[in-house]
Amino acid sequence: MSLLYPRAFVSCIFSAKTMPPEQKIRVLVAKPGLDGHDRGAKVIARALRDAGMEVIYTGLRQTPEMIVSAAVQEDVNVIGLSILSGAHNAIVPRVMDLLKQNKMDDVIVVVGGIIPDQDVAHLKQIGVAAIFQPGTAMDSIVHFIRANIKPRTVPTAG
């Protein structure tokens, strides 16, 4: 897997209720399915990087299994799925199931792209934190991630 952006970026300010200041928000941006249009995903990745987040871009044509595997390996806080193909009702539930199987409840999932209004409620019901449709301001996405990031917990022996 190639990384579009290196891991070291300008530090970002976090609120006390979110993450400690010494931890950067790690975001995995993925283009699942057969959709070959990734300009929007790259624009989002750049905006998040410029906001001080560490961004891992997985590239085009990722399967849900590849996305979750990369999320585990990269120890991300956020998965951003960019979907323009209309396959969100098949791909997103699979990603959410794989996250549950891997006990990654502290990872928030956001979806961007062409998501019809009638599908938004279902995606949120299965655990998607936010849907960002075309025209959403970059600042809104950055603010949402910062406000909703879940602090990391250390598993207890048991």
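1. A pocket is here an open set of points on a 1 Å grid over the protein atoms alone, where a 1.4 Å probe fits, with protein on both sides within 12 Å along at least five of seven lines, and a lining residue has an atom within 4 Å of a point. The model is predicted, with local features needing pLDDT of at least 70 and side-chain atom pairs counting only at pLDDT 80 or more, while totals for chains, interfaces and linings use all residues. Residues are numbered from 1 along each chain as its sequence is written, and side-chain values use heavy atoms, with hydrogens and water left out.

2. The largest pocket has 27 lining residues, and those nearest its centre are Gly 40, Ile 44, Gly 112, Gly 113 and Phe 132. Its volume, taken as the space filled by probe spheres set on the points, is about 380 Å³. Two or more lining residues come from each of β1 (26-30), α1, β3 (78-83), β4 (108-113) and α5, where helices (H or I, at least four residues) and strands (E, at least two) are DSSP runs numbered from the N terminus. The most is given by α1, with six residues.

3. Helix α1 (residues 39-50) and helix α5 (residues 138-148) have axes that come within 10 Å and cross at roughly 60 degrees; axes are lines fitted to C-alpha atoms, for helices over the stretch in contact, and angles run from 0 to 180 degrees between N-to-C directions. The two helices α1 and α5 are therefore oblique to each other, a term for angles that are neither under 35 degrees (roughly parallel), nor over 145 (roughly antiparallel), nor 65 to 115 (roughly perpendicular). The contact (heavy atoms within 4.5 Å) joins Val 43, Ile 44, Ala 47 and Leu 48 of α1 to Met 138, Ile 141, Val 142 and Ile 145 of α5.

4. Helix α2 (residues 64-74) packs against helix α3 (residues 88-101) at an angle of about 40 degrees, the axes being 9 Å apart, and α2 and α3 are therefore oblique to each other. Pro 64, Glu 65 and Val 68 of α2 meet Ile 91, Arg 94, Val 95, Leu 98 and Leu 99 of α3.

5. Between α3 and helix α4 (residues 117-125) the angle is about 10 degrees, with the axes 11 Å apart, and α3 and α4 are therefore roughly parallel to each other. His 88, Asn 89, Val 92 and Pro 93 of α3 make this contact with Asp 119, His 122 and Leu 123 of α4.
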